[in-house]
Amino acid sequence: MSATVPVVHVVDDDTSFLTAMSRLLRANGFTVKTYSSAQAFLAQRDAEAPGCVLADLRMPEMNGLDLQSALAQTSNPLPILFLTGHGDIPTSVQAMRNGAEDFLEKRAPKEKLLDAVARALARDSREREARDRLVELRALFDTLTEREREVLAHVVQGRLNKQIAWDLGIHERTVKLHRTAITAKLKVRSVAELTHLTQEAGIFPELLQTFPKGQ
């Protein structure tokens, strides 16, 4: 099986339900893997593969909410949606607040279930792209020297070259050289682009949280 094919991971301690759900999903074009417990899923899953999780809420030892919490702490937090025959409002609210894609009863119409699975896979694709983009950006910023990062911190606050030179105790010409190196390494042409890229990468959040967006 190709690692790039999204997989719907179905987790439930009810063997008959696993079989029925697997058949339904496969009949509708999804690639499926089944697990009889949350622990089995966490132990066997491909740590980096795309997909989503369709889990029962009530399972022995490790329930659905515990699984959701464990997934959230991994480097590949797959979207999760819950199917349960014992749903209640407080539990569903907690699951949704913790980021669940949906919370459905096991007797929900199959169209509603299939739509939820499709949404979960689409969400995984978007979030995966965002994580990959962040890794790419962080790699660019990692090429900056310590001094260039110091200059960058001043630039994104809108400070002029002479102000930066005074603050850092260096010549204004040196500041200009650092700024040229920064824009070349980060592949940007303007302060606006530089600031946007810094915000996107989450660099200097304490400095940028009050910086005007789009500047």
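Author: Start with glutamate 101. This is a predicted model, and in it glutamate 101 is buried, at a relative accessible area of 15%. That value is under 20%, so the residue counts as buried. Glutamate 101 pairs with arginine 119 in a salt bridge, with 2.7 Å between the closest N and O atoms. The two residues are 18 apart and link distant parts of the chain. Glutamate 101 sits in the loop between helix 4 (89-97) and strand 5 (102-105), while arginine 119 belongs to helix 5 (residues 110-141). Arginine 119 is partly exposed, at 30%.

Now helix 6. Glutamate 150 is partly exposed at 30% relative accessibility. Arginine 147 is partly exposed too, with a relative accessible area of 30%.

Glutamate 148 meets lysine 185 in a salt bridge of 2.9 Å, N to O. This pair links distant parts of the chain, 37 residues apart: glutamate 148 is in helix 6 and lysine 185 in helix 8 (residues 172-186). Glutamate 148 is buried, at 6% relative accessibility. Lysine 185 is partly exposed, at 28%.

Last, the wider picture. Shared partners join Glu101, Asp102, Asp115, Arg119, Arg123 and Glu127 into one salt-bridge network. Across the whole structure, the search finds 14 salt bridges.

Notes: Residues are numbered from 1 along each chain as its sequence is written. This is a predicted model: local features need pLDDT of at least 70, side-chain atom pairs count only at pLDDT 80 or more; totals for chains, interfaces and linings use all residues. Side-chain values use heavy atoms; hydrogens and water are left out. A salt bridge is a side-chain nitrogen of Lys or Arg within 4 Å of a carboxyl oxygen of Asp or Glu. Helices (H or I, at least four residues) and strands (E, at least two) are DSSP runs, numbered from the N terminus. Buried means under 20% relative accessible area, exposed over 50%, partly exposed in between (1.4 Å probe, protein chains only).
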